[in-house]
Structures are given as structure tokens and as C-alpha cells.
Amino acid sequence: MPTANAKRAVIIGAGIAGTATAIALRKAGWQAALFEAHPNAAEDIGAFLTLAGNGMRALAELDATDPVTAVGFPLTSLRVLDARGTELAHAPLGDVAEPALRYRCLRRGELNAALQAEAVRRGIPLRHGARLVSLSDGPAGVTARFADGTTATADVLIGADGLNSTVRRLIAPGSRPGYAGQRVFYGCTGTAPATDGTGHITMVRGSAAAFGFAVSPAGETYWFARVAGEPLTTRELARPAPDVWRNQLIPLLREDSTPAAGIVAAPTGTVMVTNATEMPLGTPWHSGRTLLVGDAAHAASPATGQGASTALEDAVILAKALRDSPDPHTAFTLYDACRRPRVERNITVSGGISRAGHAPGSPATSPPAPRTDDDTLHRQLAWDTSLG
Ligand SMILES: Cc1cc2nc3c(=O)[nH]c(=O)nc-3n(C[C@H](O)[C@H](O)[C@H](O)COP(=O)(O)OP(=O)(O)OC[C@H]3O[C@@H](n4cnc5c(N)ncnc54)[C@H](O)[C@@H]3O)c2cc1C
């Protein structure tokens with residue numbers, strides 16, 4: 001519980017990075033407050049993601065495993081199929097012996113809502129409908145201004161406002177996300193042809209698309225497909241057109257003898273599409289009392305499936321840096337030194353997979369993805385150790 005004269009943090013964005021950062025800062029004795037542009041918990045029910053063992057480890061360091069394992073379902077193995085549907089590999093996924101560290105497949109909105117509820121349960125103020133428009137930074141503090149005319153002042157401001165971050169535009173106006181070479185289709189259906197059960201994620205090295213799917217215990221199939229091509233226009237992205245996307249995708253998947261085409265052709269459920277995007281390496285992350293975390297700082301193409309997990313790592317490591325440093329500048333410099341090599345490697349590897357059109361784990365020419373069981377990372381995440 002923070003004391004009355006505890007240091008204060010304003011956190012912009014109550015997504016995965018923002019909520020976890022608020023929880024971590026409170027654990028470090030700070031007063032954290034969350035400001036979220038959406039008018040409510042924004043249950044974006046269609047989209048899903050996988051949290052890897054490293055993300056689950058970060059949650060465990062925050063004592064926040066339970067609210068997350070209450071949603072979604074565990075994944076304990078990875079299968080890889082070739083374009084003929086032949087199984088190339090079937091291996092355990094991460095640290096399956098430790099239930100709290102098992103990979104998890106979740107709807108992004110449910111994960112967000114669970115983390116927001118946990119932050120509020122711990123006494124963290126969360127204001128929905130608060131859209132940051134500007135900030136002013138000075139020696140005594142930083143002040144956020146919101147579209148409704150209200151303000152909030154604190155010792156630090158954390159920009160956890162995602163891919164199209166306003167905070168980043170204000171402190172690093174030259175840094176913008178770019179296209180990583182693939183369109184990403186993703187969906188969920190309860191009427192896909194039966195595959196072989198739950199508990200594993202299957203990656204298909206298709207001839208024209210990298211495809212992946214996992215089946216929940218309730219029989220819903222979550223799937224994605226990454227396809228090389230020109231980026232979709234803003235107009236195309238805004239169009240909710242599941243049948244258009246299905247019709248684009250199915251001919252590419254029908255070239256192969258895998259379950260992919262049958263899953264996408266299932267008549268019910270959601271189908272969405274987005275462009276794979278990534279931040280340029282070397283993006284400045286901090287200025288004065290303001291720092292970026294999560295996608296705002298280091299969004300990567302989704303090929304390695306690490307965006308949410310690295311956002312959770314950010315939260316723990318930033319809170320430790322602020323807890324153990326005499327001032328924000330020292331903390332932000334330490335944080336940058338700890339985080340940049342790992343997350344920029346993820347941007348490079350994930351973008352390399354996307355541009356090469358390979359599925360994760362395929363013999364791409366890029367170096368291996370950042371490990372999820374790295375000793376340095378474990379030390380950095382361990383709450384009771386210092387970062388320095
Ligand atoms: C298709 C796809 C598949 C993916 N699959 C995976 C996966 O399998 N595994 C994985 O780990 N990651 C995956 N990711 C990435 C993952 O979703 C992101 O890395 C993660 O959501 C980033 O969290 P964040 O909190 O930084 O940003 P966000 O989740 O985008 O949250 C930002 C928040 O800030 C708010 N906000 C924005 N502007 C303002 C403002 N001006 N004022 C106040 N609030 C504001 C937004 O409303 C939002 O709530 C995937 C991404 C995509 C696109």
C-alpha cells in the first residue's frame with residue numbers, strides 16, 4: 001500500500017502494458033493512476049493472443065497469475081505441420097511442469113478486462129473516457145491534459161497507449177510504426193471441422209500462408225493466417241467484411257492438404273484482418289519525466305507472438321528500475337539498457353519471419369527469437385533482486 005507522500009505515476013492507456021505497469025508500480029510503493037481513452041473495458045471479443053511463459057512469469061512476479069488463469073485456456077504443446085499436413089514436430093511448449101508458467105490462449109479483450117479489474121481491486125484509480133491530447137513536462141512534475149479539459153500531474157508519465165501512441169508522437173514525433181510485409185487474418189469459430197483436441201497450438205507451414213490454430217476446451221477454434229502482400233488501406237481495414245476476407249484467404253489455403261482451409265471456411269464466427277506493423281529500431285523511449293512501454297515503444301510484427309508478453313516484462317522491470325533509482329532519469333536510463341536489446345531483437349526476428357513469409361520455427365535465415373527462458377530475463381524479472 002503506497003504511503004501518502006509516495007511518488008506518483010500517471011499511466012496513459014489501460015491495455016496490457018498500462019494495467020500491468022500500474023500493478024507493478026503499486027507493488028513498488030508508488031501511487032499509480034490509469035487513464036484510458038475507451039469509454040469502458042473494451043471487450044474486443046474477436047481478437048485473441050497467446051501469452052508465453054515469459055509473460056506468465058512476469059504476471060507471477062506481480063502476484064497476478066490467478067485473474068489471468070481465470071480466463072482463456074492453457075497450451076502445453078506445439079505441433080508443426082507441413083503443407084501436406086504431415087506432422088514435422090510435436091514438442092512441449094515452455095515450462096509445462098509449472099502450471100502458473102504455462103502458455104495461455106486468451107481473447108485480448110478478456111485479458112484486458114481481467115487486468116483492469118485486478119488493478120481496480122488493488123486500489124488503483126482507473127478513469128475510462130480519458131483521452132490524452134498533450135503533456136507538459138517540468139522540473140517539479142509532468143502534467144497530462146485530456147480531451148475533456150481535465151488534467152493530471154505526477155512525478156512520471158508512462159505512455160502505454162499502444163501502436164498509435166499519442167505520447168510517442170509528443171516526445172518522439174519522428175518515430176512511427178511501419179508495415180512489416182504481411183497481412184494478418186485472424187478469427188474464431190465454434191463450427192470448424194473437428195481436429196485433434198485442445199491443449200496444443202498447431203503451426204502450419206503452408207505454401208502461401210503461415211497458419212496457426214488452437215482449440216479451446218469448449219470447442220472454439222482460434223486461428224490466424226499471415227500472408228505476404230501490399231498493406232491494406234485504411235478504408236479496407238475499417239470494413240467489417242468477414243466473407244471478403246474468407247474469400248481472399250481460402251484459395252491460398254486450399255493449395256495445401258492441411259486443416260487450414262476447412263477452419264477458415266466454417267460458416268460462423270469472426271474473421272478480422274490487420275497489417276503486421278513494427279516500430280523502427282532506435283526509437284527514443286523517454287524524454288524528461290515521460291517514458292514509453294509496450295507497443296508504444298517496441299511494437300513488433302505478430303510472427304513471434306511476443307507483444308503482450310514483452311509488455312508484461314516491461315511492467316515488472318520498469319517498476320523495479322523506479323523503485324531502486326534515485327530519480328526518473330536514472331531509472332529510465334537503466335530501464336532502456338535492460339530492455340532495448342531484448343525487445344529490439346524481437347522486432348528484428350519477428351519482422352524477419354514476416355518479410356520472409358516463414359512460419360515461426362521454420363528455417364528462416366534470421367537469428368533465433370528471444371528466448372522465453374533466458375537466465376538474464378529471469379534475474380531482471382525476479383522482484384526481490386535489483387537491476388543494477
Ligand atoms: C493480429 C495480432 C495478433 C497478435 N498476437 C499476439 C500474440 O499471440 N501474443 C502476444 O503476446 N501478442 C500478440 N499481439 C500483440 C499484442 O496484442 C500487443 O503487443 C499488446 O496488446 C500491446 O499492449 P499495449 O498495452 O502496449 O497496447 P494496447 O493493447 O494497444 O493498449 C493501449 C491502450 O491505450 C489506449 N489509448 C490509446 N491512445 C490513448 C490516449 N490518447 N489516451 C488514453 N488512452 C489511450 C487504448 O485505448 C488501449 O486501451 C498481436 C497483435 C496483433 C495485431
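**Notes on the ligand site and the two domains**

1. Start with where the ligand sits: it lies between domain 1 (8-68 + 108-177 + 280-381) and domain 2 (178-278), because both give residues to the shell around the ligand. Those bounds come from an automatic or database domain assignment.

2. Keep in mind that this is a predicted model: local features need pLDDT of at least 70, side-chain atom pairs count only at pLDDT 80 or more, and totals for chains, interfaces and linings use all residues. Residues are numbered from 1 along each chain as its sequence is written, and side-chain values use heavy atoms, with hydrogens and water left out.

3. Now for the shell. The ligand is surrounded by 30 residues, and the closest are Ala 17, Glu 36, Thr 50, Asp 295 and Ala 308 (a residue is near if one of its heavy atoms lies within 4 Å of the molecule).

4. Have a look at the polar contacts (pairs of N or O atoms within 3.5 Å). Asp 295 puts a polar side-chain atom 2.7 Å from an oxygen atom of the ligand. Leu 132 uses a backbone N or O atom, which lies 2.9 Å from a ligand nitrogen atom. For Ser 309, a polar backbone atom is 3.4 Å from an oxygen atom of the ligand.

5. How much of the ligand does the protein cover? On its own the ligand has 1000 Å² of accessible area, and the protein covers 86% of that (Shrake-Rupley method, 1.4 Å probe).

6. Several elements give two or more residues to the shell, among them α1 (16-27), β2 (31-36) and β13 (178-189). Which one gives the most? That is α10, with three residues. Helices (H or I, at least four residues) and strands (E, at least two) are DSSP runs, numbered from the N terminus.

7. Finally, the domains themselves. The C-alpha centres of domain 1 and domain 2 lie 27 Å apart. Their contact (heavy atoms within 4.5 Å) takes 25 residues from domain 1 and 20 residues from domain 2. Between them they bury about 1700 Å², 63% of it on carbon and sulfur atoms; buried area is the accessible area (1.4 Å probe) that two parts lose on being put together, summed over both.

Conventions. A polar contact is a pair of N or O atoms within 3.5 Å; within protein, one must be able to donate a hydrogen and the other to accept it, and residues adjacent in sequence count only if both atoms are side-chain atoms.
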